[in-house]
Amino acid sequence: MAVNVYVNLEVVDPSLDAEDLQGATRNLLKQVRAVDGVESADLIAVTDVPEGAMALGGFVVGLLTAEVSAANLQKLGGFLKDRIVGKTLKMSVEAYGKKIAIEGSSQVEFEYALQKANEQIAQWASESQSGN
């Protein structure tokens with residue numbers, strides 16, 4: 001059974017003001033939509049603002065969401081890893097009704113965190129199949 005993973009991405013770049021950060025997020029969104037295996041991606045509307053977040057133009061600044069098959073999460077992660085130079089990328093991943101948060105401020109950190117997230121999803125899949 002193919003399972004979709006829901007991913008929230010937060011771009012953190014203290015050198016950018018809110019407007020420039022939102023522009024960078026919109027640019028990233030266009031690129032994420034083009035990644036093979038991404039079924040949907042969008043900015044997060046103000047109605048869904050997480051506590052402590054800022055909004056601009058009806059959307060949460062620096063945040064976007066994507067839906068991708070579990071099998072293609074690694075492709076999305078590889079794409080993102082190549083784009084985090086000089087930035088911190090925070091990602092929460094939800095699958096099988098459970099959530100894990102990862103963060104990376106370098107390619108090596110993000111790759112390691114993504115590997116751990118994939119391992120966790122595999123464990124959740126195993127638990128789901130065994131009925132735990």
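**Entry 1: Thr88 and its contacts**

I started at Thr88 and left aside its neighbours within four places in sequence; the contacts of Thr88 are then Glu10, Val11, Val12, Glu103, Gly104 and Ser105. I note here that the model is predicted. Thr88 belongs to strand S5.

**Entry 2: Tyr96**

Tyr96 is not a glycine, yet its phi is positive, at about 55 degrees. I set this against the general rule: most residues other than glycine have a negative phi. Tyr96 has a relative accessibility of 28%, and I logged it as partly exposed.

**Entry 3: helix H3**

I then took helix H3, which covers residues 107-130 and has 24 residues. From its first C-alpha to its last, H3 reaches 35 Å, close to the 34 Å expected at 1.5 Å a residue. Which residues of H3 are buried? I listed Phe110, Ala113, Leu114, Ala117, Ile121, Trp124 and Ala125. The cover over these buried residues of H3 includes strand S1 (4-12), helix H2 (73-81), S5 and S6. Just after H3 comes Gly131, for which I read a positive phi of about 85 degrees.

**Entry 4: Glu109**

I stayed in helix H3 for Glu109. Glu109 is partly exposed, its relative accessible area being 40%. Not counting residues up to four places away in sequence, Glu109 touches Glu103 and Gly104. I also checked its distance to Lys81: Glu109 and Lys81 are 28 residues apart in sequence, and their C-alpha atoms are 9.2 Å apart in space.

**Entry 5: helix H2**

I turned to H2 and looked up its buried residues, which are Leu73, Leu76, Gly77, Phe79, Leu80 and Lys81. What do the buried residues of H2 pack against? I found S1, helix H1 (18-33), strand S2 (38-45), S4, S5 and H3.

I checked Asn72 too, which is found in the loop between strand S4 (59-69) and H2. Asn72 is buried, with a relative accessible area of 18%. With neighbours within four places in sequence left aside, Asn72 is in contact with Asp36 and Gly37.

**Entry 6: H2 against H3**

I looked up the geometry of this helix pair next. How do the axes of H2 and H3 cross? They come within 10 Å and cross at roughly 165 degrees. That angle makes H2 roughly antiparallel to H3, because angles over 145 degrees count as such. The crossing in which H2 passes H3 is right-handed. On the H2 side, I listed Leu73, Gln74, Gly77, Gly78, Leu80 and Lys81 as making the contact. On the H3 side, the contact is made by Gln107, Phe110, Glu111, Leu114, Asn118 and Ile121.

**Entry 7: salt bridges**

How many salt bridges does the structure hold? I noted six, and went through some of them.

One of them pairs Lys81 with Glu111, whose closest N and O atoms are 4.0 Å apart. Lys81 lies in helix H2 and Glu111 in helix H3, so this pair ties together parts that are 30 residues apart in sequence. Glu111 counts as partly exposed, at 43% relative accessibility. Lys81 also meets Asp82 in a salt bridge, at 4.0 Å from N to O. Asp82 is partly exposed, with 47% relative accessibility. I recorded Lys81, Asp82 and Glu111 as one network, joined by salt bridges that share partners. Lys81 itself is already on my list of buried residues in H2.

Another salt bridge is formed by Arg33 and Asp42, with 3.5 Å between the closest N and O atoms. Is Arg33 buried or partly exposed? Its relative accessible area is 44%, so Arg33 is partly exposed. Asp42 is partly exposed as well, at 39% relative accessibility.

Technical notes:
Residues numbered from 1 in each chain as written. Predicted model: local features only at pLDDT ≥ 70, side-chain atom pairs only at ≥ 80, totals over all residues. Heavy atoms only, no water. Buried < 20%, exposed > 50% of the residue type's maximum accessible area, 1.4 Å probe, protein only. Helix = DSSP H or I, 4+ residues; strand = E, 2+ residues; numbered from the N terminus. Expected span 1.5 Å × (residues − 1). Contact = heavy atoms within 4.5 Å. Salt bridge = Lys/Arg side-chain N within 4 Å of Asp/Glu carboxyl O. Axes fitted to C-alpha atoms, helices over the stretch in contact; angles between N-to-C directions. Parallel < 35°, antiparallel > 145°, perpendicular 65-115°, else oblique. Left-handed = near helix turned anticlockwise from the far one by under 90°.
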